[in-house]
Amino acid sequence: MSPPRPADGKPWCLALAGPTAAGKTAAALALADEWPLEIISVDSALVYRGMDIGTAKPSAHERARVPHHLVDIVDPAHSYSAARFAQDADTLVREINGRGRMALLAGGTMLYFKALIDGLHDMPPADAGVRADLEQQARARGWPALHGELARVDPVTAARLAPNDSQRIQRALEVFRVSGRPMSSLHGDGGAPAAASRFASMPMVSLEPRDRAWLHARIEQRFDAMLAHGLLDEVRALRARGDLHADLPSMRCVGYRQAWEALEHGASLAQLRERGIVATRQLAKRQLTWLRSMPARNVVACDDDDALAQVLRLGRQLAGTGP
């Protein structure tokens, strides 16, 4: 049975969010067994071609079972922005609805969700002089020191960035220095694109653990599986292309950054494992921080034994097809 379409012309869609390793793929496929729907990936790593193992990309079988969108659409040498995601997702929801199917926006890139729901202000363009000055300061003081500076002028953005996330710290400080406004204020209210208002009331199911240790164990298991399935070989092949480097957004994805550095500096497999797991835990912590700033979400404890049943039951309620 298909859920009823909104009578007010709003998008016919449901959001499924959560930190990495929370079980979003299994939940999305369970919802797809319930209704005719198509999945729109809300993941800044899944967009890149040739990056399959370290992104836990849906398998060919899973993608054949349910249509997936915004997967394998960008070469790793290029970038993909939150603003472009919002435009692409808006177009896709319209097309999916036009086929008589519901859209399920599933993933863990919270800035993408925020761009779609709240909209984004126009960001100031890159300023080469400011960037050069920030890079010089980073060489002298280190990126953690600049992260501390960011925490003073834009604590909201700093809270979701790791102290060594040089690319994003640099951009956030650049935005502040050029515009005089914190980047977080440009991701907020007022002046949002008209498309964003279509998704302002989008129902969201959020998978969040009661026990953080449960999520940490899942993260370890998944990273070990990535190593066993050839993450290092995948990154070796990407390095061998010759046109990629460590500062590209694609190569800064969690797992890829640590594997690149391990190959660059000759780190052991044990060191790579430790650094990859720590970085993934930090990512999950930032994702949960973002989610807690979204009061309209509907939380399911992903470490409950009946989490999938809860997702289905809540999905029915939010879509208007069940109690």
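**Close-up views of a predicted model**

**View 1. Gln137 is a buried residue in a predicted model.** Gln137 has a relative accessibility of 17%. The cut-off for buried is under 20%, so Gln137 counts as buried. This residue sits in helix H5, which covers residues 128-141. Which residues does Gln137 contact, leaving aside neighbours within four places in sequence? They are Gly142, Leu146, Glu149 and Arg177.

**View 2. Six strands build an open, parallel sheet.** Strands of a sheet pair through backbone hydrogen bonds. Here the order reads E3-E2-E4-E1-E5-E6. Strands E3 (68-69) and E6 (298-301) are the edges, and each pairs on one side only.

**View 3. Strands E2 and E4 pair in the parallel sense.** E2 spans residues 37-42, and E4 spans residues 102-107. They share 6 bridges. In one of them, Ser41 is partnered by Ala106 of E4. Helix H1 (residues 24-34) packs on the sheet. H1 touches E1 (13-17), E2, E4 and E5 (204-208). The direction of H1 makes about 155° with that of E1.

**View 4. The largest nonpolar core holds 56 residues.** Those with the most contacts inside the core include Ile40, Phe85, Leu105 and Phe113. Helix H3 (residues 82-98) gives the largest share of this core, 7 residues.

**View 5. Phe113 and its contacts.** Beyond residues up to four places away in sequence, Phe113 touches Ala15, Leu16, Ala17, Val42, Leu105, Gly107, Met202, Met204 and Met294. A second, separate core has 26 residues, among them Ala22, Leu37, Met102 and Val300.

Definitions and conventions:
Residues are numbered from 1 along each chain as its sequence is written. This is a predicted model: local features need pLDDT of at least 70, side-chain atom pairs count only at pLDDT 80 or more; totals for chains, interfaces and linings use all residues. Side-chain values use heavy atoms; hydrogens and water are left out. Two strands pair if DSSP finds at least two bridges between them. Helices (H or I, at least four residues) and strands (E, at least two) are DSSP runs, numbered from the N terminus. Contact means heavy atoms within 4.5 Å. Axes are lines fitted to C-alpha atoms, for helices over the stretch in contact, and angles run from 0 to 180 degrees between N-to-C directions. A nonpolar core is a set of buried Ala, Val, Leu, Ile, Met, Phe, Trp, Tyr and Cys residues joined through side-chain atoms within 4.5 Å. Buried means under 20% relative accessible area, exposed over 50%, partly exposed in between (1.4 Å probe, protein chains only).
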